[in-house]
Amino acid sequence: MARLLVVEDEARLRAYLKRALEADGHVVDGAGSGPDAVQRLRDDEFDLVVLDLMLPGYDGFEVMRRAFDRRPDQRVLVLSAVVDVATRVRCLRLGAVDFLGKPFATAELVERARTRLRAPSAGMVQRWLHVGPAALDLERQALSLAGREVPLSHREFMLLGHLMRRAGEVCSRRELLASVWGHTDDLGSNVVDATVRRIRGKVPRPVIETVRNVGYAFSAG
């Protein structure tokens, strides 16, 4: 028996989802807003969160960020009427385990929930991301390099993790803005450069290479 949280601002749909998942044998709680969901996730442990994106207070992206800050292996299944490719990719990059568009078939939702609950959580599968001598602790959000642990802020951790997963490739500022900050429209912003400078100031040797006029690449060797 798994414990689920359904985050949906439409009360009738939330009640319907709750009944459908309870009929499959789960214990299901509900939340109708972003702040309500964040508070529930702080107070209790859930095996799976079924999350709408368009919520009052905080949107679903912010709920995910706060959920993963507290528990990196939290399973989140996004259920949304916003189904464009960019939104799907953004959700998966943030850490969602699945995405189901509205309208949906109840049987498919129930089966997807079963499948994601059977799969081991990301925290069970992998705690460390290794690239050469560098190791990123996905649970503690810290970098281990040259025998030293370097704590990172959440944005530093997200940016470095993206670069390490793409080691050997150049990542544009636009790509990093989309992955770490969730938008690409503010191309004049220096938040990427500022975050890179903070990371470089913390580590014992350079780990991020600047590729002029393009972006950055992970370079620890």
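**Reading salt bridges and burial**

Me: Let's start with arginine 71: does it count as buried or exposed?

Reply: Buried means under 20% relative accessible area. Arginine 71 comes in at 16%, so it counts as buried. Keep in mind that this is a predicted model.

Me: Which residue does arginine 71 meet in a salt bridge?

Reply: Look for a Lys or Arg side-chain nitrogen within 4 Å of a carboxyl oxygen of Asp or Glu. Here, the side chain of arginine 71 pairs with that of aspartate 73, at 3.1 Å from N to O. Aspartate 73 is partly exposed, with a relative accessible area of 21%.

Me: Okay, and how many salt bridges turn up in the whole structure?

Reply: A search finds 23. One of them joins the side chains of aspartate 29 and arginine 3, at 2.6 Å, N to O. Aspartate 29 sits in strand β2 (residues 27-31) and arginine 3 in strand β1 (residues 3-7), so this pair ties together parts 26 residues apart in sequence.

Me: What about burial for aspartate 29 and arginine 3?

Reply: Aspartate 29 is buried at 16% relative accessibility, while arginine 3 is partly exposed at 27%.

Me: Where do lysine 102 and glutamate 8 lie in the chain?

Reply: Their side chains form a salt bridge at 2.8 Å, N to O. Lysine 102 is in the loop between β5 (98-101) and α5 (106-118), and glutamate 8 is in the loop between β1 and α1 (11-23), so to speak distant parts of the chain, 94 residues apart.

Note on methods. Residues numbered from 1 in each chain as written. Predicted model: local features only at pLDDT ≥ 70, side-chain atom pairs only at ≥ 80, totals over all residues. Heavy atoms only, no water. Helix = DSSP H or I, 4+ residues; strand = E, 2+ residues; numbered from the N terminus. Buried < 20%, exposed > 50% of the residue type's maximum accessible area, 1.4 Å probe, protein only.
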